[in-house]
Amino acid sequence: MIILTGGEPMERSDIYELIEYGKGLGLRMVMATCGYGINVESIVKLKKAGIAALSISLDGATAETHDAFRQTDGSFDVAVNAAKTVQNAHVRFQINTTFCKLNIDEFHGIVELAKKLGASCFNPFILVPTGRGKQIADEILDPVEYETLLHDMLRIKLESEIEVRITCGPQFARICRQEKMEKLNKNAKGCIGGRQFGFISYRGDVQICGFHDVPAGNLIKNNFNFGRIWRESELLKKIRNLEEYKGVCGACEYIAICGGCRARAYAITGDHLAADPVCNYQPKGQR
Ligand code: SF4
């Protein structure tokens, strides 16, 4: 699967061409958008090009919260109208929400809105303070708030008809195990960045994810040989070696199914292998 993301991918004049090309190679092409540029004409073109699904960012249940989060007046209406347009065109879509202190109180409201709009999936992200997220680094959830949110997510997953998938929250896999609900989280592998998922930046840098702005290698300098970077990068080898992890993550019995967020660890501590600072779990050996 190729996820076209940004910035805003609809800003690319060749977006339809890219989708068509990827589809022609047999890839499942999906796109993450804030809703900008999605209208009756563009959704027809996206469908024709072969888009399989879209994700639309919604960071609040109300215009006030979403527009403040995005620092753009009117962005809530843009996202909601885009969701309606996509739904009317019978294209599968999900709602992506980045959670932090600014919108945590609207968690249930956002889930309800996602259901009302007809989303097939609700995909919460947990803030990683990198890129534009740096500007709201103080708003990152504290470990207690985060743990409560994870349990709320589990409840929604159990009780609600909407599918729930969590990104940048690898501790959800630990919660599922603790609550003996691991079957619920079919992908109970924690973070897959650098293992089953890779990110390619607009500069051609290969990264473990979009939030970990450290190149494992550069495609342009490597003759576009993604496979070689993926197999041989020292950074990727390090990230994949759980035995090198430090702090509570290094001592944790859930390391193989969680592993913590390496981008958050790096953004906050400067060390890729340090403990994920939003987790409040005390490994058995450290109690
Ligand atoms: S201590 Fe690290 S590995 Fe263990 S649950 Fe927390 S983030 Fe995951």
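## Reading a predicted model

Mentor: Let's start with E112, which is partly exposed, with a relative accessible area of 48%. On this scale, buried means under 20% relative accessible area, exposed means over 50%, and partly exposed is in between (1.4 Å probe, protein chains only). Before we go on: this is a predicted model, so local features need pLDDT of at least 70 and side-chain atom pairs count only at pLDDT 80 or more, while totals for chains, interfaces and linings use all residues. Residues are numbered from 1 along each chain as its sequence is written, and side-chain values use heavy atoms, with hydrogens and water left out.

Trainee: Which residue forms a salt bridge with E112?

Mentor: The idea first: a salt bridge is a side-chain nitrogen of Lys or Arg within 4 Å of a carboxyl oxygen of Asp or Glu. For E112 the partner is K115, and their closest N and O atoms are 3.2 Å apart. K115 is partly exposed too, at 25% relative accessible area.

Trainee: Why are K115 and E112 separated by about one helical turn?

Mentor: Because they are three residues apart in helix α5 (residues 107-117). Helices (H or I, at least four residues) and strands (E, at least two) are DSSP runs, numbered from the N terminus. Look at D152 and R155 as well: they are three residues apart in helix α6 (residues 143-159), so about one helical turn separates them. Their closest N and O atoms are 2.4 Å apart in a salt bridge. Here D152 is buried, with a relative accessible area of 16%, while R155 is partly exposed at 40%.

Trainee: How many salt bridges does the structure hold?

Mentor: It holds 14 of them. Another one joins R12 to D14, with the closest N and O atoms 2.8 Å apart. R12 is partly exposed at 45% relative accessible area, and D14 is also partly exposed, at 23%. You'll also find a network of salt bridges linking R92, E163 and R165.

Trainee: What about the backbone?

Mentor: Most residues other than glycine have a negative phi, and most peptide bonds are trans. Q71 sits in the loop between α3 (63-70) and α4 (75-88) and is exposed, with a relative accessible area of 53%. C168 isn't a glycine either, and its phi is positive at about 60°.

Trainee: Is C168 buried or exposed?

Mentor: C168 counts as buried, at 15% relative accessibility. You'll find C168 in the loop between β6 (163-164) and α7.

Trainee: Which peptide bond is cis?

Mentor: The one from G6 to G7, with omega near 0°. G7 is in the loop between β1 and α1 (15-24).

Trainee: What surrounds the ligand?

Mentor: Count a residue as near a molecule if one of its heavy atoms lies within 4 Å of it. Around the ligand, that picks out Q171, R174, V248, C249, C252, I255, C258, G259, G260, D276 and C279. Helices α7 (171-178) and α10 (247-251) each supply at least two residues of this shell.

Trainee: And where does F122 lie?

Mentor: F122 belongs to strand β5 (residues 121-126). F122 is buried, at 0% relative accessible area.
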